[in-house]
Amino acid sequence: MRVLSGIQPTGRFHWGNYFGAIRQYIDLQHDADEAFYFIANLHALTTVRHGGQLRQLTRDAAIDLVALGLDPDKATLFIQSDVPEVSELCWLLMTGASMGLLERCHAYKDKKARGVSADAGLFAYPVLQAADILAYDSDTVPVGEDQVQHIEVCRDLASGFNHQFGQVFVLPKAKVLAHAARVPGTDGEKMSKSYGNTLEVFEDPKAQRKRIMRVVTDSRPVEEPKDPETDHLYQLYALFAGEPAREAMAATYRRGGFGYGQVKKELADLAEAFFAEARERRRRLEARPERIREILGDGAARARRKAAEVLLRAQQACGVKL
Ligand code: TYM
């Protein structure tokens with residue numbers, strides 16, 4: 001199994017990123033033959049339009065990932081733009097990507113629907129993502145549910161290329177953890193930086209507790225029994241609670257007679273304890289910028305070796321290498 005995934009440094013990581021993706025990265029680094037994880041700064045450039053901010057968020061992302069348990073001896077961690085081969089591969093794929101396919105992709109479609117003017121970068125976003133995946137012969141891509149469409153586009157582009165030029169690319173599969181496929185935000189919608197409803201992994205615990213207390217809930221009376229499965233506060237609680245606590249809370253919901261405030265307090269306690277160790281590791285890592293530079297340098301070198309090999313194969317097949 002060759003695992004690959006990317007994450008955009010568009011803001012500090014939130015619970016959706018962690019449970020939907022990062023936790024799987026960490027688990028899979030032990031099982032995979034090879035695991036490549038990168039910080040998708042070229043993709044982030046479609047939304048973060050300030051050089052200093054993008055640089056800072058990229059550094060923070062690297063520190064966060066290592067603090068959360070990504071082990072640079074087991075997995076290759078690098079920055080997307082440090083592998084220029086991917087951008088070259090992106091062009092080769094772009095020539096076979098139909099406008100119709102890209103017009104159907106949700107990131108572009110959603111932005112257009114909201115009346116925000118889209119640029120060519122956003123339109124071609126899934127093609128760059130396909131190049132990211134194909135450049136390392138990856139077969140398994142751990143992601144949240146929102147990325148499944150992009151993996152399908154990647155498969156389409158790869159099989160189109162293979163069909164025209166011969167067997168060049170490995171077709172990847174998305175790997176989505178069922179119970180963390182779509183982590184809700186403080187308003188019950190999908191947790192997302194662009195909706196302003198996130199709870200961040202490394203937010204100051206006091207500030208976070210306040211934000212948790214403000215999670216939107218319905219106004220049904222305390223006595224009324226409630227269905228835990230459709231309640232976003234319960235879904236957030238279930239991410240952190242172990243099996244027995246989860247079951248007990250679900251039973252409390254079904255019985256009724258409890259207050260949402262109590263659930264919120266318990267959730268805040270669980271979240272603080274859950275990330276306490278990582279928070280401490282992060283504090284220590286932050287004081288060692290040279291170590292982070294070294295990890296990213298080694299990662300980029302390893303990633304480039306593999307990407308150069310795949311790019312050459314693609315260039316030879318389509319005739320742009322003499
Ligand atoms: P990004 O940065 O938006 O999100 C990173 C990962 O977090 C997951 N995620 C969620 N999962 C569950 N619930 C949520 N509320 C939630 N919010 C985010 C995402 O599904 C994702 O797995 N296009 C990618 C970055 C990328 C990439 C790639 C991924 C670039 N190239 C190649 C895989 C392979 C993205 O926007 O992720």
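Which residues touch the most other members of the largest nonpolar core? The legends below start there.

**View 1. The largest nonpolar core has 57 residues.** Trp 15, Phe 19, Ile 22, Tyr 37 and Leu 68 are the members that touch the most others. (A nonpolar core here is a set of buried Ala, Val, Leu, Ile, Met, Phe, Trp, Tyr and Cys residues joined through side-chain atoms within 4.5 Å; buried means under 20% relative accessible area, exposed over 50%, and partly exposed in between, with a 1.4 Å probe and protein chains only.) Helix α1 (residues 15-31) gives the largest share of this core, with eight residues. Because domain 1 (2-182 + 289-318) and domain 2 (203-274) both give residues to this core, it lies between them; the domain bounds come from an automatic or database domain assignment. Apart from it lies another core of 41 residues, including Val 83, Val 127, Val 143 and Ala 300. This is a predicted model: local features need pLDDT of at least 70, side-chain atom pairs count only at pLDDT 80 or more, and totals for chains, interfaces and linings use all residues. Residues are numbered from 1 along each chain as its sequence is written, and side-chain values use heavy atoms, with hydrogens and water left out.

**View 2. Here is Tyr 37 with its contacts.** Setting aside residues up to four places away in sequence, Tyr 37 touches Val 3, Ser 5, Gln 24, Tyr 25, Leu 28, Gln 29, Leu 70, Ala 75, Thr 76, Leu 77, Phe 78 and Pro 142. (Contact means heavy atoms within 4.5 Å.)

**View 3. Phe 240 and Phe 274 make an edge-to-face pair.** The structure holds 20 aromatic pairs. (Rings of Phe, Tyr and Trp, the last by its six-membered ring, pair if their centres lie within 6.5 Å; planes under 30 degrees apart count as stacked, over 60 as edge-to-face and the rest as tilted.) In this pair the ring centres are 5.2 Å apart and the planes sit at 85°. Phe 240 lies in helix α11 (residues 232-240) and Phe 274 in helix α13 (residues 260-274), so the pair ties together parts that are 34 residues apart in sequence. Phe 240 is buried, at 7% relative accessible area, whereas Phe 274 counts as partly exposed at 35%. Ring pairs also link Trp 15, Tyr 18, Phe 19, Phe 240, Phe 274 and Phe 275 into a cluster.

**View 4. Helix α11 is mostly covered.** Eight of its nine residues are buried, among them His 232, Leu 236 and Phe 240. The buried residues of α11 pack against α1, α12 (243-255) and α13. (Helices are DSSP runs of H or I with at least four residues, strands are runs of E with at least two, and both are numbered from the N terminus.) His 232 counts as buried at 17% relative accessibility. Neighbours within four places aside, His 232 is in contact with Pro 184, Gly 185, Thr 186, Asp 187, Gly 188, Val 215 and Val 216.

**View 5. The charged end of Arg 282 sits over the ring of Phe 202.** That end is 5.7 Å from the ring centre. (A charge sits over a ring if NZ of Lys or CZ of Arg is within 6 Å of the ring centre and within 35 degrees of the ring normal.)

**View 6. Asp 137 has a positive phi although it is not a glycine.** The angle is about 50°. Most residues other than glycine have a negative phi. Asp 137 lies in the loop between α8 (125-134) and β4 (140-142), and Asp 137 is buried, with a relative accessible area of 10%.
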